[in-house]
Each structure stands twice: as structure tokens, then as C-alpha cells.
Amino acid sequence: MSQWTKHDLLGLDDLTKEEIELVLETAKSFKEVSTRDVKKVPALRGKTIVLLFFEASTRTRTSFELAAKRLSADTINISPSTSAISKGESILDTGKNLEAMNVDAIIVRHSSSGVPKILSDNLKASIINAGDGCREHPTQALLDLFTIKEKLGRIEGLNVGIVGDILHSRVARSNIWGLKKMGANVTVCGPSTLMPRGIEECGVKVSHNLSEVIKTSDVLMVLRLQLERMQDKFLPSVREYAKIFGVNKEKLKHAKKDIVIMHPGPTNRGVELSAEVADGEYSVILDQVTNGIAVRMATLYLLLGTKEGN
Ligand code: NCD
């Protein structure tokens, strides 16, 4: 097993296969902590972790905060609307001020790609990317990989279909890096207007035929239409999108019998997938949420808990 040497977690593009495996292995041992009556271990006692979320979030923010607390770290939430950022302070100045208070890690979510990198280039605290623009969302992909391995016993050699708004999805990008490094075959599927040009260069297949993708997939990752990121008209209508690319029971008729259906949340039922499928036998959506805590505990522990001098 490789040693963890990284100071920040900016994306899966930066991690090796061995480092991804180390996170998944570490997460396995942390998963049990959340099932205890007293859900706490002392691994990060005395560490201070700041959550700096510039975008809406339920799952990711709560999951990171619970992960930090279950490792006994102290957490502080900063929301831009009530902080000095609303008075015009730059994010770098905010970061420098947090650093002056000796915080150990900053977990950041921002609508601009590259914000976590700017902070990591300028601050001593560990920076953890909780989603930057359309670029990466590394802990989401790590929890997805963990869930796939838990459900199917392996990742290597599996056929994984990623369906939906690939263009605007940081979840898709991080998963493509992660899945490819772990040896899966990835096909991305969606309307051509929501397909990034040249995506094949990442080693994925492109399809616009959902039924074909469903037929061969061991895992189907369904993504939300990121309407808040669409400046142009990328789709004739949401209804038409739902008809062609929405996943429902009918379209799953020819799926493998143990297909795993995933979604990072939040789901728009009736758009990218039907309620029946979201709550159905193949769905692992809530397992993903449960596993998110274990994977984030592993990430925080590897970044903050095992280095000398920390
Ligand atoms: C995703 C995100 O914010 O990138 N959600 C999440 O973190 N669970 C996906 C989305 O918003 O559709």
C-alpha cells in the first residue's frame, strides 16, 4: 500500500491509482464509526477545519462537517453572505486571515474553476476542493468509486455509463479521471450540446443513444441538468431532454440484471430519472450519501492526521 504524501486534495486528475486505493481502503475502516452509538474517534483532535462554501450545498457540506466532527476536529462554517466577502474582501485575503488564525484545513466550494488551486498556491493550510465550477469534485468521485467497489466488488473492467449534462458536470470530470485510473471502461452519454468537445481524448467513448449505453453498463451514473450553469440555450426543452435522456423503468428493461444506478444528488425526479428508478431496486443513491462520510473521513485523516509535525 502506498504512502500518502499529498498536502491538498484538488482533483482526481492529481491522484495516482495507488493514492485512490489508499483512500478507499482507509474509508472502509472508517465506515464502521458512523454505525456506533458514540460516532467519534480522536484521530483529528485539536485540528481546526473551515468550511467555506460559496455555492448551495446540502449533502457535501453536511457530509464534510460530520466527517470532521466524527474525527473530533473543530469545524467552522463560513457563508459568504454573512462574511467579509460580502464587503468586497477577496477570497485570497479571506484565506490569509483564516491562516493567521492557524486553521489546519479549508474545504472550499466555488462556482469558479481553479479557486482551490489559487488557495493552495498561497496558503499553508490543506485545501480540499468540495467542487470548483465545472472542473472537479474529487470527494464525490471517491465516494462513487467506493460505492461501486462495495456493490460490485471491483472497478477494473466494469462498463460505466455517465449520462446527462457532461459539459457542466464536475462530478463527471472527476469520475472520468478516477474510473479510468481504476481500469473501468467509461461511456459518456447525453445530447451533443451538453458534450464537451474532445472528451474522447480522456479515454472515454461518446454515445447519444441511452438505450445502447444502458444495455452494456454495469453502472449507470445519472447527472442533474446543471441549469444554473447554462448561459445559453443548450436544450430545446427540459421535457424533451427527459423523454430522450431521462432514465425510467421502461428504458431499464434491457439492462443487466444487477445494474447499479447512481446519482450524486440533488435529483430532479421526472427529469434525469423517474421517482420509480430513484427509489427502486437498482438505486444506490442513499448508499452514496452514507459512504460520503466514510470517504471524507478518510480524506481528512490522510491529509491532516498522519504527517509528522501536524
Ligand atoms: C453535485 C455538485 O454540486 O457538483 N452535487 C453534489 O455535490 N452532491 C452535482 C449537482 O449539483 O448536480
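How far is an oxygen atom of the ligand from an N or O atom in the side chain of Arg224? The distance is 2.7 Å.

This is a predicted model, in which local features need pLDDT of at least 70, side-chain atom pairs count only at pLDDT 80 or more, and totals for chains, interfaces and linings use all residues. Residues are numbered from 1 along each chain as its sequence is written, and side-chain values use heavy atoms, with hydrogens and water left out.

The residues surrounding the ligand (a heavy atom within 4 Å) include Arg59, Thr60, His137, Arg170, Val171 and Pro264. Domain 1 (12-136 + 292-309) and domain 2 (138-288) both contribute to this shell, so the ligand lies between them; the domain bounds come from an automatic or database domain assignment.

| Residue | Protein atom | Ligand atom | Distance |
|---|---|---|---|
| Arg224 | side-chain N or O | oxygen | 2.7 Å |
| Gln226 | side-chain N or O | oxygen | 2.7 Å |
| Gly265 | backbone N or O | nitrogen | 2.9 Å |

Of the 320 Å² of accessible area that the ligand has on its own, the protein covers 93% (Shrake-Rupley method, 1.4 Å probe).

The peptide bond from Gly265 to Pro266 is cis, with omega near -5°. Ser72 has a positive phi, near 70°, and is not a glycine. Most residues other than glycine have a negative phi, and most peptide bonds are trans.

Definitions and conventions. A polar contact is a pair of N or O atoms within 3.5 Å; within protein, one must be able to donate a hydrogen and the other to accept it, and residues adjacent in sequence count only if both atoms are side-chain atoms.
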